[in-house]
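User: Can you walk me through the aromatic pairs and the nonpolar cores in this one?

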Amino acid sequence: MSPNNEPRLSKAERTAQAREKARIIRDAQLKKQKRNGWLIRGGVLVAAVAIVVIIALIVINTQKANEPVADSGAVPTSMNAYGGITLGKDGAVIPPTTTEKTVDINTVSDNPSPGATTAFALDEIGIKATDAGKPVQLVVYFDFMCPFCNQFETNYGATMKSLANEEKVTVEYRALGFLDRFSGGTNYSSRAGAAAACVAETSPDKYQAYLDKLFENQPAENSKGLNNATLAKYATEVGAADINSCINDKTFRPFVANTTALASNHGVSATPTVFMDGEQWSSTESFDDFSARILAAKK
């Protein structure tokens, strides 16, 4: 039957038909709005859950970083009991002369002279004049969050390596936790120092590369610093063995705490603090002049 032969709808039928179409359209729109509403609410819920998870992880990590550190702990096999690792020609690690396998912060005596402006009783922390004919001992106390330590290493790291390669000096690094209070509650200085000790334990030949890596990526003071996962990642990137468990177990946090206490109790009050042949470097003299003077005196 052709459309021309179809019966015409009455006005009432056309009205009813239009109303039905309008109802169908309206119902479809309501269903779409309802579906979109659920999607929006679901998205908000997912976002809220993600935010809660992120906050929880931050809180957990911060709490973990602030968990009490044991009073005693192991000394890395390639480091001395004063907190140092000594590097010689071509960055070779020189075995420590101390024999202690553990340290205990309870054995560190109180500072007898808290107002001292220069370090004292240095022989008690393994710093002294070098015997004639041997490479001069160069000790650098530093903090991984200290921008001036980074600047010192940037300016003089190559000089120290060159002197070590010429067998004129040995370079000993001692990491401190002085600036823990400037890392938003995460104790970054101590964590980074302990991570470096982990590298010294597992891959001592990578210590210098790891130190350089952490300074290249040094966080700003008053930031939370690098997290443990990043500290471990950087160790892998410089070719060191996996130190994840060493970091997370805080294996060498007591060692860093002991190093920090020893240094402080012998008048080391800032970083970097540098000693050469038992003499403390003063910023009133350039480091180049200081090292040249010390070495000239040993000839």
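**Aromatic pairs and cores**

Analyst: Phe 287 and Phe 290 sit 3 residues apart in helix α8, so about one helical turn separates them. Keep in mind that this is a predicted model.

User: Buried or exposed, those two?

Analyst: Phe 287 counts as buried because its relative accessibility is 1%, under the 20% cut-off. Phe 290 is buried as well, with a relative accessible area of 1%.

User: How many aromatic pairs are there in the whole structure?

Analyst: The search finds 11. One of them joins Tyr 156 and Phe 287, a tilted pair at 4.9 Å centre to centre with 50° between the planes.

User: Where in the chain are Tyr 156 and Phe 287?

Analyst: In distant parts: Tyr 156 is in helix α2 (residues 147-165) and Phe 287 in helix α8 (residues 287-298), 131 residues apart. Phe 287 also forms a tilted pair with Phe 290, at 6.3 Å centre to centre and 45° between the planes.

User: Which residues do the ring pairs link into a cluster?

Analyst: Phe 152, Tyr 156, Trp 281, Phe 287 and Phe 290.

User: Switching to cores. How many residues has the largest nonpolar one?

Analyst: It has 57 residues, and those with the most contacts inside it include Phe 287, Tyr 210, Leu 231 and Ile 243. Helix α3 (residues 188-202) gives the most to this core, with 9 residues.

User: What is Ile 243 in contact with?

Analyst: Leaving aside neighbours within four places in sequence, its contacts include Ala 195, Cys 198, Val 199, Tyr 210 and Leu 231.

User: And what lies apart from that core?

Analyst: Another core, of 14 residues, among them Val 108, Ile 127, Leu 262 and Phe 275.

Key
Residues are numbered from 1 along each chain as its sequence is written. This is a predicted model: local features need pLDDT of at least 70, side-chain atom pairs count only at pLDDT 80 or more; totals for chains, interfaces and linings use all residues. Side-chain values use heavy atoms; hydrogens and water are left out. Rings of Phe, Tyr and Trp (its six-membered ring) pair if their centres lie within 6.5 Å; planes under 30 degrees apart count as stacked, over 60 as edge-to-face and the rest as tilted. Helices (H or I, at least four residues) and strands (E, at least two) are DSSP runs, numbered from the N terminus. Buried means under 20% relative accessible area, exposed over 50%, partly exposed in between (1.4 Å probe, protein chains only). A nonpolar core is a set of buried Ala, Val, Leu, Ile, Met, Phe, Trp, Tyr and Cys residues joined through side-chain atoms within 4.5 Å. Contact means heavy atoms within 4.5 Å.
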